[in-house]
Amino acid sequence: MTSSLATIESDLTSSRTPSRSGPTPSVLPAPGVTATTAKELLGGARAMLPWLVGVIPFGLVIGVTVAESSVSPLTGWATGSIIYAGSAQLATVELLDRGAAPLAIILTALIINARLLAYSGSIASHWRGTGRPFRALASYLLVDPSFAVGMDGYANPERGRSGHLHYLGGAGLLWIAWQSAILVGLTAGSGVPSWLHVEFAIPLFLVAQVVHHADNRGARAAAVVAGAAAVAGVSLPLHSGLVVAIAVGIAAALVTDRLARTQGVAR
Amino acid sequence: MTAWIVVLVAGAGSYLFRISVVLLLAGFEPPPWLTRVSGYVVPAAFAGLAAVALAAPVGRGAREAFPPLIAAAVTALVARAKPPSVAFATGLPVLWISALLVGTP
């Protein structure tokens with residue numbers, strides 16, 4: 001465990017230390033390193049805050065759903081740390097409560113979470129060369145909000161490996177908030193007034209993220225086509241509409257890209 | 001017991017999704033097509049997630065559909081010029097005010 005933590009620490013700090021000259025304390029990190037580490041961790045946590053406006057009520061709702069179901073509170077709460085993805089957790093709890101076949105529940109949860117495969121492929125290049133403990137931990141924490149905060153952090157090429165700290169700061173805060181929200185929902189009920197319409201908080205933040213990232217023709221095509229396909233495929237079996245929509249959206253982006261390149265060459 | 005097995009298998013599968021490509025690409029340079037595709041994952045996945053949630057009230061009538069749709073439109077408009085957090089902070093009050101105006105419960 002100690003060596004794993006040491007490897008993670010080394011992954012996170014190695015690129016910031018080469019410029020330092022002279023002897024480095026062997027036990028305590030240099031004050032500058034600690035300050036930079038804290039700054040990047042806090043930066044990631046700060047970038048996560050707007051997401052929490054929607055994430056916390058969602059966690060509360062899952063907690064309340066578990067409390068009102070026949071699923072044991074401990075099993076329901078454990079979905080938060082074991083599955084760690086809201087929609088898949090909600091589907092799992094609801095299907096367990098309805099007495100659905102175990103294989104059908106597992107398939108449903110996995111199909112909902114298949115988008116994580118795309119996130120893994122997207123963020124993988126930024127984690128090349130890191131140690132196994134970091135990759136194991138960072139992958140475990142990978143979910144929609146941490147993916148968005150992480151990718152924003154890596155978007156600045158000057159950041160180098162301190163982007164890992166930015167990711168961990170945001171992803172760590174998200175994990176703590178998520179587990180806490182489910183526990184509060186489970187024990188104390190949601191308590192969120194309905195007029196706040198918190199069910200739309202995450203979708204609104206997603207809209208802002210989409211517009212922010214749709215800075216070229218291909219990305220705009222991906223967003224428009226995936227959005228339309230997801231709505232059209234909402235009744236597909238096992239909640240598979242989203243996965244199909246992501247694939248169709250990316251295909252549309254690649255076609256748009258190719259057309260733009262062909263037109264560019266023709267001109 | 002069955003519930004625990006379901007949760008553990010679903011969790012293991014989800015973790016495999018999360019770490020699979022990370023492990024696959026750990027030792028070598030990602031192919032150019034994957035780099036190109038990865039740039040489109042955020043707009044495609046997030047647009048799909050948002051569209052399904054925002055379109056859900058449409059079937060319940062215009063009164064219920066209006067607040068989230070107008071809030072989403074304002075959020076998108078603001079996000080073209082401002083950071084996502086500012087756009088979100090603008091869109092959320094629009095959602096509340098429009099819901100109040102149309103009397104959505």
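This report describes a predicted model of chains A and B, from overall confidence down to single residues.

## Confidence

The predicted model has an ipTM of 0.89 and a pTM of 0.77. For chain B the average pLDDT is 90, and 99% of its residues score at least 70. Within chain B, H1(B) has the highest mean, 95, and H2(B) the lowest, 81.

## Domains

Chain A is split into domain 1, covering 34–193, and domain 2, covering 214–267. Their C-alpha centres are 25 Å apart. Contact between these two domains involves eight residues of domain 1 and six residues of domain 2. On the domain 1 side, helix H5 (102–112) and helix H6 (115–123) of chain A each supply at least two residues. H5(A) gives the most, with four residues. By class, this side of domain 1 of chain A has six nonpolar residues, one polar and one charged.

Chain B is likewise assigned a domain 1 (1–38) and a domain 2 (41–105). The C-alpha centres of these domains of chain B are separated by 31 Å.

## The interface between the chains

In the contact between the chains, 60 residues of chain B meet 69 residues of chain A. Five helices of chain B each supply at least two residues to its side: H1 (2–24), H2 (32–38), H3 (41–55), H4 (62–79) and H5 (84–102). The largest share comes from H1(B), with 19 residues. The side of chain B that touches chain A is made up of 46 nonpolar, twelve polar and two charged residues.

## The nonpolar core

The largest nonpolar core contains 114 residues. Those with the most contacts inside this core are Leu204(A), Ala222(A) and Ala226(A), together with Ala44(B) and Ala50(B). In soluble globular proteins, nonpolar side chains tend to be buried together.

Ala226(A) has contacts in both chains. Leaving aside residues up to four places away in sequence, Ala226(A) touches Ala245(A), Ile246(A), Val248(A) and Gly249(A), and in chain B it touches Ala44(B), Ala47(B) and Gly48(B).

## Helix H4 of chain A

Helix H4 of chain A runs over residues 86–97. Its twelve residues should span 16 Å at 1.5 Å a residue, and the distance between its end C-alpha atoms is 16 Å, so the two values agree. Buried residues in H4(A) are Gly86(A), Ser87(A), Ala88(A), Gln89(A), Ala91(A), Thr92(A), Val93(A) and Leu96(A). Just after H4(A), Gly99(A) has a positive phi of about 75 degrees.

Tyr84(A) is in the loop between helix H3 (73–82) and H4 of chain A. Its phi is near 50 degrees, a positive value in a residue other than glycine. Most residues other than glycine have a negative phi. Tyr84(A) counts as buried because 24 other C-beta atoms lie within 10 Å, where the cut-off is 20 or more.

Ala188(A) belongs to helix H9 (residues 162–188) of chain A. Ala188(A) is exposed because there are 12 other C-beta atoms within 10 Å, and 12 or fewer is the limit for that class. The C-alpha atoms of Ala188(A) and Ala221(A) are 44 Å apart, with the two residues 33 residues apart along the chain.

His197(A) lies in the loop between H9 and helix H10 (201–213) of chain A. His197(A) has a phi near 50 degrees, which is positive although the residue is not glycine. His197(A) counts as buried because it has 22 C-beta neighbours inside 10 Å.

Technical notes. Residues are numbered from 1 along each chain as its sequence is written. Chains are lettered from A and ligands numbered from 1 in the order in which they are written. This is a predicted model: local features need pLDDT of at least 70, side-chain atom pairs count only at pLDDT 80 or more; totals for chains, interfaces and linings use all residues. Two residues are in contact if their C-beta atoms, placed from the backbone, lie within 7 Å. Ala, Val, Leu, Ile, Met, Phe, Trp, Tyr, Cys and Pro count as nonpolar, Asp, Glu, Lys and Arg as charged, and the others, Gly among them, as polar. Domain bounds come from an automatic or database domain assignment. pLDDT is the predictor's confidence in each residue, from 0 to 100. The expected span of a helix is 1.5 Å times one less than its number of residues. A nonpolar core is a set of buried Ala, Val, Leu, Ile, Met, Phe, Trp, Tyr and Cys residues joined through C-beta atoms within 7 Å.
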